[in-house]
Amino acid sequence: MTIGPANDEASDVPSPPSRPGLRGDIQGLRAIAVLTVVAAHAELGLDGGYVGVDVFFVISGFLISQLLFREVERTGSVSIAGFYARRARRILPAATLVTLVTLAGSVLWTSTVQAYQVVHDAVWATFFAANIHFAAREVDYFALNEPPSPLQHYWSLSVEEQFYLVWPLLLLAALLLLRRRAPGGGLPRVPVGILLGVLTAASLVWSVAHTAADPRAAYFSTTARAWELGLGALLALTAPHLARALTPLLRSALTLGGLAGIGWACVTFGDLTPFPGYAALLPVLGSAAILLGGVEQPDRTPGTTWPSRLLALPPLRAVGDWSYSLYLWHWPVLLLPRLHQHRRLDLSTNLLLVLVAVALAAATYRWVETPMRTGRRLTTRHSTGRSIGLYPAAVVTVGAACLASSAWIHWSIGEYGEHPAVSLTEFGVADESAYRLPSDDRLALVRASVIAAEHDMAVPSDLSPDLLDLRDDVPGVGACEYDRGSRALCRRGATDATHSLVVLGDSHGRMWIPALERIARRADWATYYLVKPKCTPARVVVGEQGTDHPWDDCTDFNSWTLDRIADLHPDLVVVSTSPPLRRAGVFDDDGRQILDTGGIGRALGPGYDALFADLAPLADRTVLVSDVAAGLDDPVECLTTGHPDLGTCLFTPQWRSTYLRRVAVESARRSGVPVVDPRPWVCWQDRCPVVVGSTLTYRDLDHLSATYAAELARPLGLALGLWRLPS
C-alpha cells in the first residue's frame, strides 16, 4: 500500500475562529486530522497517520453537503455556477501558490530529472487529475524505485474535486426529476437519502473489492474513496433528526468513541495495512460519530459536551483554520530537503521543517486564503464569473511556469552542448593508441567507455535515449501485461514462423525483448514473452512485496506458464530472471519467510534445479541468460545531480546481485543448461559505465534500457545460435 499525504477538507465558507455558528469541534477535528498526517510524513512514530485523509473526506462531505441542502431549503434549487465559484475561491489560490513554489524548489534543489517529473505532476495536479496520474505510477513496477513527488499529496485534492464535479449535478438532477412528479419547494430528504445511500454503499463495496485486488490503485481511486464523502453527506442529511434522540451523555460517548477509533487507527495501521477497504471504516465511522455528537439541537448549542469543548480549544481551532494550507505546505517542505540531501532526515530536522510548514500555513491562511474567500471583488452578488475565472487563471499561470521550467531543465542537462560520444578512437585520453582494445566492436566500445569514465570524460550531449525519457524506456508487452493479471498468450516475432522461442522470467527477462525481437525477425522465429515483474520462475514460494505472506499470484502464474510451454513445445526457452526482492524474500517448507541473502540463495539453488528439470522435456533447448550487474546509484539521479561526468556514475556490481546470479549459473551448469553471460556487454573488469558510446545502458539500478538492449541483438543472437551471418 502506498502512503501518500492526505488532502484537507475544503469548505466553501470562511472559518475564522470568531465566526458565529461555526462549530469549534469541527475545527478541532480538522486540526487532529492534519496533525496526524504531518506526524506520519515527518516520521514521528505515527505510521497510521495517513487516516487523516479519511477524516477530512468525511468532514468535507458533511459540511459541503450541508451547505447544498440549506441552499435547496432556501431557494428550492442549487446554483451550480455559485457552487463552483465558491470552490474556486476556497481551493485555487493556496493550491496554485504551493504548486508554483514547489515547482521552483524542485528545479533549484533536486535533480533535473526529478524536477522534470514534477513539471508533469504539476500539470496533472492543476487539472485535478493527480490521483489518476499517481495511481498509474504506483502500479507501474518500473516506477517503484522512483522517489515520491513533492506534489503527490495533491491526489486527495483531485479526489474531492472529482467527487464535487458529480455530486451537485446529481443533486440538481434529482431535484428537477422529483419536482416534475411532486411540485413544491424544500428538500426531498427521503429520495435524496436513498440516492446517497445507494451510491455510498456501491462505493464502499467497490472499495473493499478493489483494495483486495489492487491496493496500490485503490488507494488513489475516487470510486474507492467516494463513500467516505458520501457518508458525510448522508450525515448532513440525517443528523438533525438523529440528534433529537441524543442525550448529552450519548453525545459525549460518540465524540470520545470517535476520537478513540481515529487514534487506534493511527497507532495500529501501517504500510502493510490494506487500505482503504474495510480498514477505512474505523476512521470514517469515528469521524462521523464526532460530527454527530456535536450536531446542534433546538434546545442546545453546538459543543456543549466536554469532549466537544476540548476539541474547540483555541489552539486546536487555530490549527484547524490553517489545516488546508498546512496540508498543502507540509509535504513539499518535508520532502524537498530529503531529495536535495539524498537521505532521510533526522528527527530534529523534521521537527524544524514541521515548524516551517506551520508558519507558512499561518501566513497563507492570513494573506492568501482569507482575502480570496472574503474579499468584496470575489464575494459580491455579481462576482461569480470572476471567481470561476480563477480556474483558467490557475491553469495559465502553472502552465507558463511549467514551460519555463522545462526549457531550463533541457538546457541544464547539456542537450544544447557539443560533448562528443565515446568512440573507439576518442575515449577521453591523450593517446588512444596506448590502449589495446578487443577486436570485437561491442567489447571494445564497452572497454573504451570504462576508460573514458575513469578519465572523467564529459557526458555526451546527444544521449540515447534522452535522459528525460530514460524512466520510460521500457519494452512493451502489448496485451500480455502479466503484472496486471492478464493470462493472454501473445505471439510476436516473425508472423509465418515455424520455429518458436519462449522467454521465461521476470522484469529482467522482459528487458531483453528489444534484442530478442530483432533476433527473431532476422531468424524467422516466433516469440512468446512469459514474463511477470518481481516473479522469478525458480520453483520457490516468493513473498508478496511489502507483506509477510506468500505471493499466490506468482505461484499461479508459474504453473500457468509451464502449461503454456507444454502446449507450445518451443524450440528454445530462454530463462532470464533476477532474485526475489529484498522485502519479499522466499518461504521455506514450514511457511517461514526468508529475507536474508544467504537464506534466499540456499532456497534458490534447488528452485532453479527444479525449474530446469521441469523444462527439459517441454522444449528442444533451454538456455539461461544470467543476470546483469546491479549498481548502487540510480543513473538518472547520478547523471543529473550537480556537475557529473562519466566517472561520476561508474559503478562496481552489487554484492547481493552477484552472489545470487552465481546461484542461478551453478544450477544451470549442474542441469546441463548452457549459460549466456551478458556482463561483458555492460562491464569490464567489474567496472560498469552507465553510458556506452552515447547510449544509456541502464534505466535504473538493475534494468537495461530498452535502447541499449536493442543494440545487443547481435551478440545475444550469436550467443543463442540464432543470428544469421551474411553468406
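**Briefing: sheets, cavity and surface patch**

Strand β2 and strand β3 (residues 525–531) run parallel and are joined by seven bridges. This is a predicted model, in which local features need pLDDT of at least 70 and side-chain atom pairs count only at pLDDT 80 or more, while totals for chains, interfaces and linings use all residues. Residues are numbered from 1 along each chain as its sequence is written, and side-chain values use heavy atoms, with hydrogens and water left out. Helices (H or I, at least four residues) and strands (E, at least two) are DSSP runs, numbered from the N terminus. Two strands pair if DSSP finds at least two bridges between them.

**Six-stranded sheet**

- The order β1-β3-β2-β5-β8-β9 describes an open sheet of six strands with mixed pairing.
- Strand β2 (residues 499–505) is largely enclosed by the rest of the structure, because six of its seven residues are buried. Buried means under 20% relative accessible area, exposed means over 50%, and partly exposed lies in between (1.4 Å probe, protein chains only).
- Opposite glycine 505 stands valine 531 in β3.
- β2 is also joined to strand β5 (residues 572–576) by five bridges, and these two strands run parallel. Valine 502 has valine 573 of β5 as its bridge partner, and valine 503 stands opposite valine 574 in β5.
- Five of the five residues of β5 are buried. Leu572, Val574 and Ser576 lie on one side, Val573 and Val575 on the other, and both faces are covered. In a regular strand the side chains alternate between the two faces of the sheet.
- Three bridges connect β5 with strand β8 (residues 622–625), again in parallel. Here valine 574 stands opposite valine 623.

**Three-stranded sheet**

- A further open sheet has three strands in the order β4-β6-β7, with antiparallel pairing. β4 (541–542) and β7 (593–594) are its edge strands, each pairing on one side only.
- β4 and strand β6 (residues 586–587) run antiparallel and are joined by two bridges. Valine 541 has phenylalanine 587 in β6 as its bridge partner.

**Cavities**

- Three cavities of 30 Å³ or more are found in a search of the whole structure. A cavity is a set of points, on a 1 Å grid over the protein atoms alone, where a 1.4 Å probe fits but cannot get out; lining residues have an atom within 4 Å of a point.
- The largest cavity holds about 90 Å³ of space. Grid points are joined across faces, edges and corners, and the volume is the space filled by probe spheres set on the points.
- Its lining includes Leu92, Thr99, Phe128, Tyr154 and Val398. Two or more lining residues come from each of α3 (80–109), α4, α6 (154–181) and α17 (390–412).
- With four residues, α3 gives the most to this lining.

**Surface patch**

- Val123, Trp124, Phe127 and Ile132 make a nonpolar surface patch of about 390 Å². Patches are made of residues with over 30% relative accessible area and no salt bridge; like charges are joined within 9 Å, and nonpolar side chains (Val, Leu, Ile, Met, Phe, Trp, Tyr) within 5 Å. A salt bridge is a side-chain nitrogen of Lys or Arg within 4 Å of a carboxyl oxygen of Asp or Glu.
- Accessible areas come from the Shrake-Rupley method with a 1.4 Å probe, and for residues only the protein chains shown count as cover.
- Tryptophan 124 belongs to helix α4 (residues 112–126). Its relative accessible area is 34%, so tryptophan 124 is partly exposed.

Definitions and conventions: On a 1 Å grid over the protein atoms alone, a cavity is a set of points where a 1.4 Å probe fits but cannot get out, and a pocket is an open set with protein on both sides within 12 Å along at least five of seven lines; lining residues have an atom within 4 Å of a point.
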